[in-house]
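Work through the exercises below with the coordinates open. Each task is followed by a stepwise solution.

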Amino acid sequence: MSEMNNGVKGSGAERFAEQYEKIRSEIGKEMIGQQDVVEHLLMAVIAGGNVLLEGVPGLGKTHLVRVLGKVLNLPFSRIQFTPDLMPADITGTNILVRTEEGNAFRFQEGPLFSSIVLADEINRATPKTQAALLEAMQEHAVTVAGETRKLPEPYFVLATQNPVEQEGTYPLPEAQLDRFLFKVLVPFPTLEELGAIVDLTVKDGGQEAQQVIGAEELLAMRAAARSVPVASAVQEYALRLVLATHPESADAPEVTKKYIRFGASPRAAQALLSVSRVRALAKGRYNVAFDDIRFAAPACLRHRLAMNFEAVSSGKEMEGLLQEIISAVTEK
Amino acid sequence: MDNRLLKALRPVKRRVRRNRLLQGAAWGLTAGLGAALILRIVALFTPVEGKWLWAAVPVAAFTLLSAAGNALRPVADRTAAQAADGCGLKERTITALEQAGSESEICALQREDACRALQELEVRKIRPGSARKPLLTALGCGILVLVLLLFPNPRDREAEARGALRRILKEGTEKIDRAAAEDEERLKPEQRNELRKLTEELKRELLDSRDETDALVALDRAEQRMEQMESRTAGDALAAADGTGTESDAGEGSEEAEAADGTGTTADGKAAQVSGNSSDIRSGKLATSNALAALKTAVNPASVRNAPRTSTAGTQGEPGEGEGQDGQGNPGAGSGSGNQAANGAGEGTTNLEQGGGGNLPGGLAKGNRDPKYKEAQYETIYDPERTELDVRDEMTNQNRLENEESLQVETGPGKGSLGGSVPWDEVFREYEETETRSAERENLTTKERQWVKDYYSLLTDQR
């Protein structure tokens, strides 16, 4: 059955769907293809989560984040992660300033103090610097010199990493990975999309994305999404899905027991349900469906699971394992 | 609970009920065919009567019961909601049901959305669960059942014979009932009671009979009791005819004499008058006795096996089945072809008194001949109390005795066995002892007892 467009006039939920569609189409003006990536990114942003974008260079990851900032009219900052990047470089630091009263320390905000933070090639920074992001990502706050400063709302970190160049990189620790709501794989464009991208760069007068909503509207959309009811069966399905990723779980499918080293954390269940709520409203529904959970599951789980040696040695890929796990869990 | 939602769920519930009915019928059919298959397998080892019925009844019963049970089971709101959601409503209905108590704006919107979706839902889309598995199983079972039904099974023939026996016994017992009712009118109250008791017990035993052997044993037992009863009746009649009784006794006696067999007895003129009244009375004394004998003929294994579905031949005493006593008085074996009391009725009883073969062709019935001709003659014994039942078949295979010299040799398993030939002298002795003992046991007057003794003394003298 196709998604029904409800006729509830003037409701926040209907505006949600409208606004969502507007944002999507506005991003689409500057982003050729990558519909799935845009959708995941948008949902994560509305749900208030951080996103890890993984793809080879040149796929428009940075551009996508920049366009998103423009459409949402949110302050945007970009941090290029390098091995010599220090935590203070991103969080900010107290600097000595000369004032009329004399010298004094003043906190110089780092690039984290922005609503949208693009952490480009995050895996190139040392673990120490990566760890500096933890507090910002989870608590939307930064503590420098014993003083905790709140970050602006809405706040989210969009990190990118290159899966190919692994030399001189520092894989993100599990604790940090878990703080990303989604890990979105950015695929290489299709032939048609590639042609359109090429055309866009050589032609003048291409469409530019415009602002659709502001921070207030974004927070309102987030609040609306959080109120979406979830049927007990659907919620249970999401929880069973998370449990199915744990090899020690009694209900874990065979594939999990065989190839997974450790499963997803409770944050994964939270992430599944919060993103599903957003998707439900985006599709014009006021309730979460099993489909929403299934849609969100791969992006929510792929960075939270770790394959064991057997899986790696036998050339298994996380995507395949995830699909097997998802199909093994029934709706009941 | 939102009434709109419940109202919108009603068509869904109806559809679910219908689907359950179909599903139940499919599973019932499978179970029924499974049961029929099991019965057919059982029928390979044990005779089961009515094979088509036993194939059809479980199928029909299971199908109907399962379908009705499923259809009548109430459909829960939640079940209906899940069924509706399964048709692409994306969990709208189940969520609305669960959030029925919530007054939040989003829940109100959700309910409204669910109601609208339910109203737009085409309930035809709600399909019953896959019936492929049960129907395939049913098909498999059905084919096996059909094969087993059409496949020749010796146990089926056995069951058919059993069915035929049951029908014969039913018809026979009905006739015995009618005959007993007829006889009761002519009997004294105590004899009437005895006869009633006898027929009731016989019916019960026949009902419990598993095969013709059981039935024959029951019939034999009843026949013996009948003989005893008849001898008493005859004794009464003779006593009455002798004029030894009182005025009232004489009246009673003449009444009893009608039921008495005067053939070959020493009855006086009165008894002789009575004996001329009816050939029935002469041959079997009581109609019940004739009916018993007729049923015995009908129960003969061969006749049971060959009996048509509505067999009356056996009970009619139609000729042709058994080997009766031939014209020379040679012993026959097994069920006779006599008119009424075939099967050599009276075999194993006093041949003079009982005269079971009174209606045999040529008037050469046992017991009707002058005692002097009885010497060196042989009686064919059929007394279940003294024989082995498993040698009964030998009776039908017994070679007829061709001359009297050859009669000197006993054939078969021996004296008292079925088909065995016993010198008449010995049989006479046995009869005499048996009847004398019976006379002693029974509630008879001294004169009557004396009469029995005199009767055998007379016969002994004649020998």
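**Exercise 1. How many salt bridges does a search of the whole structure find over all chains?**

Step 1. Set the rule: a side-chain nitrogen of Lys or Arg within 4 Å of a carboxyl oxygen of Asp or Glu.
Step 2. Run the search over all chains; the count is 36.
Step 3. Inspect one pair. R24(A) bridges to E39(A), with the closest N and O atoms 3.7 Å apart.
Step 4. R24(A) sits in helix α1 (residues 12-30) of chain A and E39(A) in helix α2 (residues 35-47) of chain A, so the pair ties together parts 15 residues apart in sequence. Helices here are DSSP runs of H or I with at least four residues, strands are E runs of at least two, and both are numbered from the N terminus.

The model is predicted: local features need pLDDT of at least 70, side-chain atom pairs count only at pLDDT 80 or more, and totals for chains, interfaces and linings use all residues. Residues are numbered from 1 along each chain as its sequence is written, chains are lettered from A and ligands numbered from 1 in the order written, and side-chain values use heavy atoms, without hydrogens and water.

**Exercise 2. Describe the contact between chain B and chain A.**

Step 1. Count residues with heavy atoms within 4.5 Å. Chain B gives 19 residues and chain A gives 25.
Step 2. Take the buried area (accessible area, 1.4 Å probe, that two parts lose on being put together, summed over both). The value is about 1800 Å², and carbon and sulfur atoms give 61% of that area.
Step 3. Look for salt bridges across the interface. The rule finds one. K90(B) pairs with D291(A), and their closest N and O atoms are 2.2 Å apart.
Step 4. Assign the chain B side to elements. Those giving two or more residues are α3 (77-89), α4 (92-98) and α5 (105-120) of chain B. The largest share, eight residues, comes from α5(B).

**Exercise 3. In what order do the five strands of the open sheet in chain A run?**

Step 1. Pair strands where DSSP finds at least two bridges between them.
Step 2. Read off the order: β2-β5-β8-β1-β9 of chain A, with parallel pairing.
Step 3. Find the edges. β2 (76-80) and β9 (180-185) of chain A each pair on one side only.
Step 4. Check one pairing. Five bridges join β2(A) to the parallel strand β5 (residues 116-120) of chain A. Within this pairing, Q80(A) stands opposite D120(A).
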